[in-house]
Amino acid sequence: MEKDQHTHIVKYKTYVFVLIALLAMTSISVAVTGINLGPYTVTVALLLASFKSILVLLIFMHLKFDKKFYGIMVASVFMLLACVIVITFMDYLYR
């Protein structure tokens, strides 16, 4: 039985850059809560959370180096989640 394993090595510098980016986005999320953006506060928080999760999925969960099928599946789940969130907000706004 042949195992088809491909190993890849991610440099520590990449992990440090990702850590800095995640910390910066977390700081921005905390700072946004102190600013009154009205209904856009939640939108900005959700966008930042989405960017952070995509970064974690790509680098820490090695989705960047995996088969394209897994990326398509994750993207479809994100699209489904976005649709649910948009429908929920539309229902909330037009009641």
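**Exercise 1.** Which residues form a nonpolar patch on the surface?

*Solution.* The model is predicted, so local features need pLDDT of at least 70 and side-chain atom pairs count only at pLDDT 80 or more, while totals for chains, interfaces and linings use all residues. Residues are numbered from 1 along each chain as its sequence is written, and side-chain values use heavy atoms, without hydrogens and water.

Step 1. A patch takes residues with over 30% relative accessible area and no salt bridge, and nonpolar side chains are joined within 5 Å. A salt bridge is a side-chain nitrogen of Lys or Arg within 4 Å of a carboxyl oxygen of Asp or Glu.

Step 2. The patch consists of Val86, Met90, Tyr92, Leu93 and Tyr94, which together have about 640 Å² of accessible area (Shrake-Rupley method, 1.4 Å probe).

Step 3. Tyrosine 92 belongs to helix α3, residues 68-93 (a helix is a DSSP run of H or I with at least four residues). Its relative accessibility is 65%, so tyrosine 92 is exposed (exposed is over 50%, buried under 20%, partly exposed in between).

**Exercise 2.** Classify the ring pair of tyrosine 15 and phenylalanine 60.

*Solution.* Step 1. Rings pair if their centres lie within 6.5 Å; planes under 30 degrees apart count as stacked, over 60 as edge-to-face and the rest as tilted. The count is 2 aromatic pairs.

Step 2. For tyrosine 15 and phenylalanine 60, the centres are 5.5 Å apart and the planes at 5 degrees, so the pair is stacked.

Step 3. Tyrosine 15 is in α1 (residues 12-34) and phenylalanine 60 in α2 (residues 40-60), so the pair ties together parts 45 residues apart in sequence.

Definitions and conventions:
Phe/Tyr/Trp six-rings, centres within 6.5 Å; stacked < 30°, edge-to-face > 60°. Helix = DSSP H or I, 4+ residues; strand = E, 2+ residues; numbered from the N terminus. Patch = residues over 30% accessible without salt bridge, like charges linked within 9 Å, V, L, I, M, F, W, Y side chains within 5 Å. Buried < 20%, exposed > 50% of the residue type's maximum accessible area, 1.4 Å probe, protein only.
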